[in-house]
Amino acid sequence: MAKSLIEELPRIVSEGRREAAQILERLSSGTQIGLQTNELVLPSKDVSGLFKGSSPQIPNAFNMAGGNGEWMNRLIYGDNLLAMQALLAGDAQTGLPSLRGKVDLIYIDPPFDSKADYRTKISLPGTDIQQKPTVIEQFAYADTWEQGTISYLKMIYPRLQLIRELLSDKGSIYIHIDWHIGPYLKLILDEIFGKENFQNEIIWHYIKGASGNDRFGRKHNTILFYSKSDLKTFNRDAIGIPYSPETLARAQRGEARYNVTAEELEDRGKNPGDVWIDIPPLQGNSLENTSYATQKPEKLLERIIKASSNKGDLVCDFFGGSGTTAAVAERLGRRWITCDIGKPASLVMRKRFIDQEVKPFLYQSIGDYQKEAFRNNKRYKHVGDLSQVVLGLYGALPFTPEQTNDRNFGYIKGTRTLVMVDSPNRLTTAATIRRAVEAKASLLGGDWEKVVVLGWNFAFDISSAIQKYQDSKVEVLVIPPDLLDKLAKKGYKKLIDDKSVRFSSLQYLVAKPLVVKQNGEQDEIDVELENYVLLSPDNIPLDDKDKEKLQQVLERDPLSLIEYWSIDPDYDGVTFRSTWQDYRENVENDNDPLHCVYKTRLRVAHKDQRRVCIKAVDVFGFESQVVESV
């Protein structure tokens with residue numbers, strides 16, 4: 001008989017403590033996870049239409065945005081457990097010190113419904129499709145709910161331990177939950193933060209909506225408020241709500257129960273208490289609505305941030321969702337870090353922050369994600385062992401040691417197709433493609449008709465390399481990012497039998513040749529997108545009917561799949577400085593919410609030579625970029 005949740009709790013706590021201790025021990029030993037900066041975003045969305053806009057004058061964009069060691073806010077894409085490890089370790093590359101004991105307020109709104117549908121609706125010209133979660137999101141979600149509440153508590157325990165490590169002595173955490181998980185989670189929180197540091201069970205009461213004929217209507221969420229210590233920040237006067245006119249009138253008359261003047265009462269307001277009935281859920285027609293399913297209203301976060309932080313304090317949200325925490329923190333003069341494992345969420349947040357014209361911020365991801373996954377796997381200790389497994393899953397045979405001592409190569413039986421598997425410990429680059437083409441011509445006497453390169457992570461120049469070698473019969477495919485997870489859960493034989501592992505082709509962006517004209521001390525750069533080539537719809541998590549719809553859009557209007565694109569007019573080959581952006585919901589330039597503009601003119605300080613980098617993200621979260629020298 002399966003154990004009850006109460007019986008499982010000691011094991012959940014013991015395993016969670018051990019996992020958190022191992023993480024902290026690994027950090028202290030110097031084995032650290034880093035953050036990879038994908039963009040330095042200097043919000044400057046296109047607002048004036050084709051060939052009329054201009055980018056900001058940014059001769060030293062990185063320094064002006066805080067690259068001189070000043071604080072930079074951060075949007076992090078990836079597993080929050082890894083993100084928190086990176087924040088605890090610090091990041092020398094971007095001047096981020098260890099944040100252990102430095103975070104003043106953390107709000108999290110983790111998913112709390114095992115039956116929720118986390119599909120994303122995507123509106124395209126003439127049709128709508130529903131995207132399922134990405135493979136990484138699916139595995140994260142499956143791990144969270146595989147054993148129901150038990151799995152959820154296993155997921156959250158080590159994360160809460162790391163959160164406690166990040167909090168300053170004056171710091172607090174607010175955890176937003178509902179009836180699915182609340183009572184169990186409070187036991188975990190009492191264990192980690194101490195029952196004496198429990199401050200409030202806040203009831204966020206909905207004014208409208210109460211379904212169900214066989215029970216009382218469910219009309220509230222719960223927010224559990226814990227402090228790190230008794231030194232917590234709490235700004236009572238910042239959160240007062242208006243007294244009723246009757247109360248103020250009684251105070252004006254000098255009734256004895258009011259020992260302050262009516263004016264003082266009016267200025268301070270009354271304590272909102274722990275039942276909040278004055279903040280309605282987000283309405284569909286609200287200007288702040290991003291169409292993100294679990295988005296919370298800004299007023300809710302405004303009360304929390306005002307109460308438990310001061311201007312200049314650091315506020316974090318590790319289940320970022322639509323970005324409400326960071327958006328409000330920015331508006332209230334706080335520093336912020338937000339993180340989400342979902343590509344749709346990360347894209348929604350990036351656009352929201354640009355719309356809000358926040359201060360420049362870093363968009364980052366977990367550095368060496370596959371390298372970290374490979375290091376933590378318990379099955380394959382050598383890259384060559386894993387390469388042999390990947391070859392088999394692709395349908396290729398390995399060479400014998402007598403044929404070649406390079407275990408990364410194999411072949412398709414009955415064909416003249418050579419297959420090369422790259423290492424999870426490095427990026428697949430233009431040099432990798434060149435090596436594969438050379439092997440095609442020389443390995444075992446050459447005479448191979450085609451070479452297939454299977455890679456884990458890809459350098460920015462991979463698209464141009466694919467186009468450069470397209471006449472050399474080389475194909476580049478992506479190894480599924482969740483493959484190591486699948487191997488750990490299902491094993492090699494089952495994956496072979498059910499044929500569930502798919503290798504997808506890379507997407508790439510095509511831009512027209514740049515046109516540069518010098519105008520006095522400025523350069524005018526005309527940038528125009530020409531085409532977008534997407535990997536096969538079969539490899540995108542869609543239902544069959546939606547794959548057909550997508551194929552039709554690909555044939556008639558491929559650029560409509562571009563959700564967001566940005567330009568660095570002076571790319572240094574290291575940091576992409578996004579100094580101009582456009583995205584589909586930006587209607588200030590073309591009144592078309594389903595298309596970006598596809599050409600623009602940038603005006604920047606003159607240089608005799610420059611590299612222009614164009615980066616695009618499609619509606620599914622796939623990124624690609626083009627670099628042009630002029």
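Q: What is the strand order in the open sheet of 6 strands?
A: In this predicted model, the order of that open sheet is 13-14-15-17-19-20, and its pairing is mixed.

Q: Which strands stand at the edges?
A: The edges are held by strand 13 (397-398) and strand 20 (504-505). Each has a single partner strand, so one side of each is left without a neighbour in the sheet.

Q: How do strands 17 and 19 run, parallel or antiparallel?
A: Strand 17 (residues 450-455) and strand 19 (residues 474-478) run parallel and are joined by 5 bridges. Within this pair, Leu454 has Leu477 of strand 19 as its bridge partner.

Q: What holds paired strands together in general?
A: Strands of a sheet pair through backbone hydrogen bonds, and the pairing is either parallel or antiparallel.

Q: Which strands does helix 14 lie across?
A: Helix 14 (residues 430-442) lies across strand 14 (409-411), strand 15 (417-421), strand 17 and strand 19. Relative to strand 17, helix 14 runs at about 145°.

Q: Now the open sheet of 4 strands: what is its order?
A: The order is 26-24-28-29, with antiparallel pairing. Strand 26 (580-583) and strand 29 (623-629) are the edge strands, and each pairs on one side only. On average, neighbouring strands of this sheet are turned by 15° against each other, direction ignored.

Q: How many bridges are there between strands 24 and 26?
A: Strand 24 (residues 562-568) pairs with strand 26 over 4 bridges, in the antiparallel sense. Ser566 stands opposite Gln581 of strand 26.

Q: Which helix lies across strands 24, 26, 28 and 29?
A: That is helix 11 (residues 343-356), which runs at about 55° to strand 24.

Q: Where is Gln609, and is it buried or exposed?
A: Gln609 is in the loop between strand 27 (599-605) and strand 28. With a relative accessibility of 65%, Gln609 counts as exposed, because the cut-off for exposed is over 50%. Gln609 and Val630 are 21 residues apart in sequence, and their C-alpha atoms are 5.9 Å apart in space.

Q: Changing topic, how do helices 3 and 5 pack?
A: Helix 3 (residues 80-89) and helix 5 (residues 149-166) pack at an angle of about 25°, and their axes are 10 Å apart. The two helices are therefore roughly parallel to each other, as angles under 35 degrees count as roughly parallel. The crossing of helix 3 and helix 5 is left-handed.

Q: Which residues make the contact?
A: Helix 3 contributes Asn80, Leu81, Met84, Gln85, Leu87 and Leu88, while helix 5 contributes Pro158, Arg159, Leu162, Ile163, Glu165 and Leu166. These residues divide into 8 nonpolar, 2 polar and 2 charged.

Q: And how do helices 9 and 10 cross?
A: The axes of helix 9 (residues 298-308) and helix 10 (residues 324-331) cross at roughly 60° and come within 9 Å. Helix 9 and helix 10 are therefore oblique to each other, and their crossing is right-handed. In the contact, Glu298, Leu301, Glu302 and Ile305 of helix 9 meet Thr324, Thr325, Ala327, Val328, Ala329 and Arg331 of helix 10. The residues of this contact divide into 5 nonpolar, 2 polar and 3 charged.

Q: One last item: what do strands 4 and 5 form?
A: Strand 4 and strand 5 form a hairpin with 2 residues between them, and Gly126 in the turn has a positive phi of about 85°. Strand 4 (residues 120-124) and strand 5 pair in the antiparallel sense over 5 bridges.

Conventions. Residues are numbered from 1 along each chain as its sequence is written. This is a predicted model: local features need pLDDT of at least 70, side-chain atom pairs count only at pLDDT 80 or more; totals for chains, interfaces and linings use all residues. Side-chain values use heavy atoms; hydrogens and water are left out. Axes are lines fitted to C-alpha atoms, for helices over the stretch in contact, and angles run from 0 to 180 degrees between N-to-C directions. Angles under 35 degrees count as roughly parallel, over 145 as roughly antiparallel, 65 to 115 as roughly perpendicular and the rest as oblique. A crossing is left-handed if the near helix is turned anticlockwise from the far one by less than a right angle, and right-handed if clockwise. Contact means heavy atoms within 4.5 Å. Ala, Val, Leu, Ile, Met, Phe, Trp, Tyr, Cys and Pro count as nonpolar, Asp, Glu, Lys and Arg as charged, and the others, Gly among them, as polar. Two strands pair if DSSP finds at least two bridges between them. Buried means under 20% relative accessible area, exposed over 50%, partly exposed in between (1.4 Å probe, protein chains only).
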